[in-house]
Amino acid sequence: MNWRTIIYVVLLVSLTGAKALPRTSRDVEGKTSIGQHFSQLHENNFKAIALIMFAQYVPGGTFGRAAGMAERVTALARSCAAAARDSPDCLKPLDRIFFDTICQEKNLPRIADCCAKEDSERNDCFLSLKNFSQGFIPPLERPDAEAACRNYSQHQQPLTAYFTYEVSREHPFLPAPTILSVSLRYEEMMKRCCGGAEGPSQHLEECFRTQAPKVVKPVRENALKQEHTCGILKKFGERTLKALKLTQISQKFPKADFVTVHKLVMDVADMHKDCCRGDTLECMRDREDILQYVCSNQHILSSKIQQCCEQPLLQRSECIVHMENDDKPADLSPHIREFIEDKGICERFAQEKDTHLARFLYEYSRRHPEFSAQMLLRIGKGYEDLLQECCKPGAPSGCCSRGEEELRKHIYETESVMRTSCDIYNEKGDYYFQNELLMSFTKKMPQLTSAELIKFTKEMTTIGSKCCQLGQEKLLPCAEENLDLVLGEICRRHMADPINPGVCHCCSSSYAFRRPCIGKLEVDESYVPLALTPGLFAFHGDLCTTEEEKLQHRKQEMLITLLKYKPQISPEQLGSVTAAFSAMRERCCGEANPEACFLKKGPELIERSEKMLSA
């Protein structure tokens, strides 16, 4: 059985009535043994799941040891399925069997303490090893084309299994279905580039250059989204995550009633809790249950789900996540004045605060697919603050009516920020738009390295190219929700290595207001500017490169250094220094010996620039 078949059968069995690989509690209640799992999945499929499990739980191991453990668990499962189903080993919960197998291994790094614990404590200990492993594994790289094809022709299945192992250990929190999906893309790339019986593609290097991003990019994107969601849960708590999912699900399924949406929100939040803990088995089961519920209730949720539920199981979950929002019900009123004008709102707010706010967020979100989820959360927070103020004893009778004016003001401000950013992007293009962002963020966060500042602003520029071409009804969700991912990266960077007090405040105070908070940051007054040392501004012959991308990168590094040296530089001063630099570069790059020219003219430029900046 080939790897593609393994992947499809794994998901087919796990998503249907067999309910493969259930939670520990369900194992006990349903008495589903390892032998039954083996019979449901068959040997190769069972082994594929086992390999992912061992790769994710033993980050310091090797492929050989993970494959060996997978073989031993598979051998036990085979014997339990064949005859020994009443043996005590065969009746153990599946997660206990996996951890027992790990603990039988000798000289595995950092597992001795976990193996000394029992059951749930041991599980938690192994989950902590997953946390430790992040940043420990070197990232995936594009393979050497000829060597990869030689290996593929000789060891097709082991090579794909090894790739699966590498992805699993590099991303220990990535759900198994996502990893299996990536493995399928990897096999498709190897088949396309290395060929079948007729031999490799004529243009191997070119084939891998174009196909590898299709394999690696989804890994990075899914890992980033997973890390982002887990970061929200960890920093802002379950209530914020549920509110976020409530807005997103209400927008996607505006015809669904509140009870159905609320159930999905609770189930999705529970899934993320298990996935963010790194509990592979429970994460898989939660995902399976949600998919089954959604596809079994299409008539309640959306007619657009059908095309996703008819797809191969591997693509089903991804299809539902990326499907267009359903159309709003034809009879849906444009306003929800009952949440402002109803005389009983204060009583309901006092008696069932979270439910009342959730209903408001549900009703408002399903009416406004043109708003971002983060903006809807800000509107929800504004409504909560309004009720807290207007439901106080002695509040004026028209208190709640001022909320509409504040709402209009916030919507206008948010849309104006996005329109202005897109106007700048459309006027300046990628490179100069990124430079604008570099000037802003270097002043806000001068503690970041040049590489970090260029990376983050490059991601923001990509958002501009992606979203600014969209119509008004899609601009805000595209721009703010993608920007939220980048700001999440910055905030996780801050949690790992604090940046400055301003960033700390924005990253910690409110998830919904994180983007406007960071947007309002100005020059970091706590930052001590760089001292002007002889090596601070170094000009060399690499400035004469004809490769535009390399030259732009070099210029951006120098811009960042200048801003870290003079954070309070005015636009006029920056223009003067930039013009002087461009003139020097043009002159030196026209010389027979550019390096000697830069060696002479560089210090002169620094001296003149220092006088301009001191004026």
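Residues 24 or more positions apart account for 71% of the contacts with a separation of 6 or more in the protein chain; a contact means heavy atoms within 4.5 Å. The model is predicted, so local features need pLDDT of at least 70 and side-chain atom pairs count only at pLDDT 80 or more, while totals for chains, interfaces and linings use all residues. Residues are numbered from 1 along each chain as its sequence is written, and side-chain values use heavy atoms, with hydrogens and water left out.

The protein chain contains 29 helices and zero strands. Both are DSSP runs numbered from the N terminus: helices are H or I with at least four residues, and strands are E with at least two. The C-alpha trace spans about 90 × 75 × 50 Å along its principal axes. Of the 615 residues, 50% count as buried. Buried means under 20% relative accessible area, exposed means over 50%, and partly exposed lies in between (1.4 Å probe, protein chains only). The chain exposes about 29900 Å², and carbon and sulfur atoms supply 53% of this area. Accessible areas come from the Shrake-Rupley method with a 1.4 Å probe; for residues, only the protein chains shown count as cover.

The chain is divided into domain 1 (34-133), domain 2 (225-371 + 392-405), domain 3 (416-520) and domain 4 (541-614). These bounds come from an automatic or database domain assignment. The centres of domain 1 and domain 3, taken over C-alpha atoms, are separated by 43 Å.

The second largest pocket has a volume of about 1000 Å³. Its lining counts 38 residues, and the closest to the pocket centre are Val-417, Ser-421, Leu-437, Arg-515 and Gly-519. On a 1 Å grid over the protein atoms alone, a pocket is an open set of points with protein on both sides within 12 Å along at least five of seven lines, whereas a cavity is a set where a 1.4 Å probe fits but cannot get out; lining residues have an atom within 4 Å of a point. Grid points are joined across faces, edges and corners, and a volume is the space filled by probe spheres set on the points.

Domain 3 and domain 4 both give residues to the lining of the second largest pocket, so this pocket lies between them. Helix 22 (402-444) supplies the largest share of the lining, 17 residues. Helices that each supply at least two residues include helix 23 (450-467), helix 24 (472-496), helix 26 (514-520) and helix 28 (571-589). By class, the pocket lining has 22 nonpolar, eight polar and eight charged residues. Ala, Val, Leu, Ile, Met, Phe, Trp, Tyr, Cys and Pro count as nonpolar, Asp, Glu, Lys and Arg as charged, and the others, Gly among them, as polar.

The structure also holds two cavities of 30 Å³ or more. The largest cavity has about 50 Å³ of space. Its lining residues include Gln-56, Lys-130, Phe-173, Cys-275 and Asp-279. By class, seven are nonpolar, three polar and two charged. The second largest cavity has about 30 Å³ of space. Its lining includes Glu-480, Asp-484, Arg-514 and Arg-515. Helix 24 gives the most to this lining, with three residues. Four charged, three nonpolar and one polar residue make up the lining of the second largest cavity.

Cys-309 is found in helix 16 (residues 305-309). Cys-309 is buried, with a relative accessible area of 12%. Not counting residues up to four places away in sequence, Cys-309 touches Cys-295, Gln-298 and Arg-316. Gln-298 is 11 residues from Cys-309 along the chain, and their C-alpha atoms are separated by 9.0 Å.
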